[in-house]
Amino acid sequence: MVTNITNFGRSGLSDWLVQRVSAVVLALYALFMVGYLLLHPGLDYATWNGLFAQTWMRIFSLLAFVSLAAHAWIGLWIVITDYIKPTGIRFVVQIAIILAIFIFLVWGVQVLWGA
Amino acid sequence: MSTMRSLTFDAIIIGGGGSGLRAALELAKSGKKTAVLSKVFPTRSHTVSAQGGITCAIASADPNDDWRWHMYDTVKGSDYIGDQEAIEYMCSEGPKAVFELEHMGLPFSRFDNGRIYQRPFGGQSKDFGKGGQAARTCAAADRTGHALLHTLYQNNLKNDTVFLNEWYAVDLVKNASGDVVGCIALCIETGEVVHIKSKATVLATGGAGRIFSSTTNALINTGDGIGMALRAGFPVQDIEMWQFHPTGIYGAGVLVTEGCRGEGGYLINKDGERFMERYAPNAKDLAGRDVVARSMVMEILEGRGCGENGDHVMLKLDHLGEEVLHKRLPGIVELAKTFSAVDPAKEPIPVVPTCHYMMGGLPTNVHGQALMQDADGNDRIINGLFACGEAACVSVHGANRLGGNSLLDLVVFGRAAGIFIESALNEGVDYLDAAQSDIDSAMARMNRWNESSGGEAIPALRAELQETMQTSFGVFRQEDHMQEGVKKLADLRERIANAHLGDKSNAFNTARVEALELDNLLEVAEATAISALERKESRGAHSRYDYPDRDDVNWLKHSIYHPLDKKLGKRDVNFQPKTLDTFEPKVRTY
Amino acid sequence: MSMLQVSVYRYNPETDSAPYMQEFQVDTQGRDLMVLNVLEIIKQQDSSMAYRRSCREGVCGSDGMNMNGTNGLACVTAISDVTKNGKLVLRPLPGLPVVRDLVVDMGIFYKQYERIQPYLQNDTTAPAIERLQSPEERDKLDGLYECILCACCSTACPSFWWNPDKFVGPAGLLQAYRFLADSRDTATRERLSELEDPFSVFRCRGIMNCVAVCPKGLNPTRAIGKIRELLLANAT
């Protein structure tokens, strides 16, 4: 067994499963969004704001953000471990990506529940 | 050469095919420091090409099957010069060896009751020839050799056998007393030459079908072990006995298993006639291979061959139906499509008898100990030297091998050699170390090639040798052709001794390996030629126009070729099985 | 005379500082030769040409190489199948270190094969005869045990190119599943626990290059999918 400590779930199996489940969530979220936009051709800010004022939409969105974060980390981790062979550079890039994903996630929460 | 590195093992096994790996497995399990030296990665050895199966009375197809019936068939198939004690050992120990393979994981095909699938093969009978056709060949589809070789390699990995892969054994090292104490070996990847010291040197180097231009054998089958033994002055036995397999694909030489006929296929001539009914009314297409091969050549010579030149016959399989072909003979379907552009489910495959197997080899006892003869013609054991598999002549195949018996030979006698060497090493053996002069003489031939500065090129000489053997020592033989062949070989010997190795580099130099192989081809070819010329009778695969009959008065004997004076002697055949009565020679009909 | 233009990758570590392509003209006499036959003719012109070969009938797996961009066995590939614009380009299998000319160092490929413990493991006492196996159970091994270890698949796999030390590769995984699928093997749990890390199996991205090049028509991608299913079933 190949050991590693930087991947998402410490196991290839859980990464693989998370990747697939998060993909389903993202697909549903994307479908919902496209559908919503199609059904509201003259969409204004009030309607849009109203959608996101509802708790279920906030939870759904948060689920999508978390899925996106996990999905991105697993995917990028795979790309990085394929293409960046020097350990030092790989580690720095991994830290940078984790930071970026964390910031985007916190920002997303702030957008959803912020003032 | 004082800087030459040396490696020491309890046992060195030269050859990574079925018999070598089986011997190595036995020794590795016992904890002996064992190395397998192979010129190719072991699963590239020629055992991998065996198709039809391993013949053994495991009583699966027929619960009443008996190893004695298998023994009877084998003795008869050998045209009575197979050693009955050895055949008895092989047939009675066989089931144990086959079950071991199954336990190791060999993926045999199965019957509905879960037991190993067995199919009919040529020369098989029940009840000592009186009970009709038997089905005794255990099969993994038509890839039994592949399945067997991979299984053995896998189990050697499990038991930590040391592998010297892509190393080439150059020559045996003998000490001052004439005992074999190791060999000189070349690491092909780096070009390093190493002295390998061992108390037991096992030649499991397989056959030498490449002495003929048309052969089912792999390109690597160059008789390296036989060549090494002959150069060391050791004799070979029954080396004139070469099996021509009835069904090599016309033009390509690629093997089509006898299992095709076992599953119900048959041979036809240009008139569409199933001609084997005339030559062997009972066994028909499943007569002994020598009988079928000769019948095919007769058909061709009498103008009933197929094709524009009338130089082959056809193997008909389409009546078996797609399902049987894909279930039981998938590899054959693939080979026929690739090498003869024929779909056997629709059309027959063009086939021709093709050199397939060397029945002769280094004479050994059932423990794999190599034998020579003293001045009075008595057997003498060669200390430190063992042989098993096709390189050895135990002899279980005599003048003609039955299909499926070679894989059994490999595992039974590979195993037997391993068991014997283990106990011999436990009891302790002590031979003189090789002196520098002994090592130097084993290096002589490689040095000759390395120092060559001009002369003929290797591929052309090899082709000429193969052409000579094909012309003069094929399915049918006769005095004048053979004499001419012997002369040509003598001439070739001189020319090869002055031939040129153009590439003297070290890294993966395949030209050097081919040069060293050419020497071995020549040794085997010459031994074959001289033995064939001297055996003045027809027996098994050795068929002469000028001596068309079997001569039991003079030739119910093994031939023994002595390389030093190039003379052919005789050795008694063993007629004393331990547990049953002798099978007396009878007229051999199928 | 019908000449075939052949371009072959050459590299001898003792004399060449870098590999180069060498051009040969081969007279095929109008025959549709196998690529191996073409190499044999070239070797008669230039004995220093190095390549591996043994059975010359596609069962030993020695002569895997890259022919006009596609991996395959030289001995069972007809020139009419690979030649493009009258030209044949021969290169060693990609992604492995070159020893010389068309000969690659297969060490890491074999190491990955050994890692999956490619031998039957059964902790029960063996019976006096064979272990029974129904034809249906045996059928599950078809398409798996036939692998000849030629490395055409693994060296066509980008995941193996990037991580040959960590990703088992299609050939090794096909064999891993061969033993997982064998009704006689009792080490399923141990085998699976060795495979659940992010590299060994899960580096497969399912691009199926392995399936496209396998000279024996085997399907490693399907086997890898089956291993994933077993891992999932074992862990959930």
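## Pockets, cavities and the A–C interface

Helix H8 of chain B is the top contributor to the lining of the second largest pocket, giving 5 residues. Here, helices (H or I, at least four residues) and strands (E, at least two) are DSSP runs, numbered from the N terminus. This is a predicted model, in which local features need pLDDT of at least 70 and side-chain atom pairs count only at pLDDT 80 or more, while totals for chains, interfaces and linings use all residues. Residues are numbered from 1 along each chain as its sequence is written, chains are lettered from A and ligands numbered from 1 in the order in which they are written, and side-chain values use heavy atoms, with hydrogens and water left out.

**Pockets**

- A pocket, on a 1 Å grid over the protein atoms alone, is an open set of points with protein on both sides within 12 Å along at least five of seven lines; a cavity is a set where a 1.4 Å probe fits but cannot get out, and lining residues have an atom within 4 Å of a point.
- Volumes are the space filled by probe spheres set on the points, which are joined across faces, edges and corners.
- The largest pocket holds about 1,500 Å³ of space.
- Its lining has 42 residues, with Arg210(B), Ser213(B), Gly251(B), Asn37(C) and Glu40(C) nearest the centre.
- Among the elements supplying at least two residues each to that lining are helix H8 (289-301) and strand E14 (349-358) of chain B, and helix H1 (35-45) of chain C.
- By class, the largest pocket is lined by 20 nonpolar, 10 polar and 12 charged residues, where Ala, Val, Leu, Ile, Met, Phe, Trp, Tyr, Cys and Pro count as nonpolar, Asp, Glu, Lys and Arg as charged, and the others, Gly among them, as polar.
- The second largest pocket has about 470 Å³ of space and 23 lining residues, with Arg294(B), Ser538(B), Ser543(B), Pro548(B) and Arg588(B) nearest its centre.

**Cavities**

- The count comes to 8 cavities of 30 Å³ or more.
- About 720 Å³ is the volume of the largest cavity, and His46(B), Thr47(B), Gly206(B), Asn221(B) and Glu390(B) are the closest to its centre among 48 lining residues.
- The lining of the largest cavity comprises 17 nonpolar, 24 polar and 7 charged residues.
- The second largest cavity has about 240 Å³ of space; of its 17 lining residues, Lys39(B), Val40(B), Phe508(B), Thr510(B) and Arg53(C) are closest to the centre.
- H15(B) provides the largest share of this second cavity's lining, 4 residues, and the classes there are 7 nonpolar, 2 polar and 8 charged.

**Interface of chains A and C**

- In contact (heavy atoms within 4.5 Å) are 15 residues of chain A and 18 residues of chain C.
- About 1,700 Å² is buried between the two chains, with carbon and sulfur atoms giving 65%; buried area is the accessible area (1.4 Å probe) that two parts lose on being put together, summed over both.
- On the chain A side, Met1(A), Val2(A) and Leu13(A) lose the most area to chain C, together 40% of what that side buries.
- The rule finds 1 salt bridge across this interface, a salt bridge being a side-chain nitrogen of Lys or Arg within 4 Å of a carboxyl oxygen of Asp or Glu.
- Arg203(C) forms a salt bridge with Asp82(A), their closest N and O atoms being 2.8 Å apart.
- H3(A) gives the most to the side of chain A that touches chain C, with 5 residues.
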